[in-house]
Amino acid sequence: MTPRATEIAAQARALLEESGPEALTMRALADRLGIKAPSLYKHFPDKQAVEAELVAQMLTESAEACEEAERTAPGSLPALAGAYRGWALAHPHLYRLATERPLPRHALPEGLEDRAAAPLVRACGGDADRARAAWAFTHGMVVLEIHGRFPDGADLSAAWRTGTESLLP
């Protein structure tokens with residue numbers, strides 16, 4: 001990306017992180033940058049391209065968090081789930097943008113989706129079905145937590161522990 005496109009993406013992310021996916025419009029982004037909305041199209045063809053860049057950031061950063069957990073606790077599904085949860089809860093709006101709609105695979109850097117999945121696949125002994133089930137569990141728990149769907153006093157640590165342990169071979 002050009003330096004200006006990088007700046008636009010950074011401001012888009014800041015707007016997203018502050019106000020949520022619904023607030024991320026080209027007009028709001030242009031206002032934040034102090035420019036007219038049509039100027040954005042010199043750097044990104046449309047809003048979907050801006051969103052795809054943010055999705056790529058989410059996948060990269062969550063992959064880095066899981067890779068670090070893997071280095072710290074090799075093969076530990078609970079460690080990976082904890083890293084994934086921690087990253088997602090620290091960036092709930094970016095997480096929602098990236099996971100609550102179809103993944104723009106065509107617009108992502110080649111190999112990024114595989115990189116993001118690799119630590120989980122390795123922790124599941126190469127079993128892609130077990131990895132998908134583990135991701136479904138972690139994603140579902142994170143989404144429910146982000147949306148405040150658990151009752152007050154629910155022991156989420158116990159639920160996470162039970163869920164991840166149930167997926168171990």
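Visitor: Before we look at this predicted model, what counts as a pocket here?

Guide: A pocket is an open set of grid points with protein on both sides within 12 Å along at least five of seven lines. In this predicted model, the second largest pocket has a volume of about 150 Å³, while about 680 Å³ of space lies in the largest pocket.

Visitor: Which residues are closest to the centre of the largest pocket?

Guide: They are Tyr84, Glu113, Ala116, Ala117 and Trp135, out of 29 residues that line the largest pocket. By class, that lining divides into 20 nonpolar, four polar and five charged residues.

Visitor: Which helix gives the most to the lining of the largest pocket?

Guide: With seven residues, α7 gives the most, although α4, α5, α6 and α8 are among the helices that each supply at least two residues as well.

Visitor: And where does the largest share of the lining of the second largest pocket come from?

Guide: That share, five residues, comes from α4; the residues that line the second largest pocket include Gln48, Val55, Leu97 and His106, and its lining has seven nonpolar, two polar and two charged residues.

Visitor: How many disulfides does the structure hold?

Guide: A disulfide is a covalent bond between the sulfur atoms of two cysteines. The structure holds zero disulfides: for Cys66 the nearest cysteine sulfur, that of Cys124, is 11 Å away, whereas a disulfide needs the two sulfur atoms within 2.5 Å.

Visitor: Is Cys66 buried or exposed?

Guide: Cys66 is buried, its relative accessible area being 9%, and Cys124 is likewise buried, with a relative accessible area of 6%.

Notes
Residues numbered from 1 in each chain as written. Predicted model: local features only at pLDDT ≥ 70, side-chain atom pairs only at ≥ 80, totals over all residues. Heavy atoms only, no water. Buried < 20%, exposed > 50% of the residue type's maximum accessible area, 1.4 Å probe, protein only. 1 Å grid on protein atoms, 1.4 Å probe; cavity = no way out; pocket = protein on both sides within 12 Å on 5 of 7 lines; lining within 4 Å. Points joined across faces, edges and corners; volume = space filled by probe spheres on them. Helix = DSSP H or I, 4+ residues; strand = E, 2+ residues; numbered from the N terminus. Nonpolar A, V, L, I, M, F, W, Y, C, P; charged D, E, K, R; others polar.
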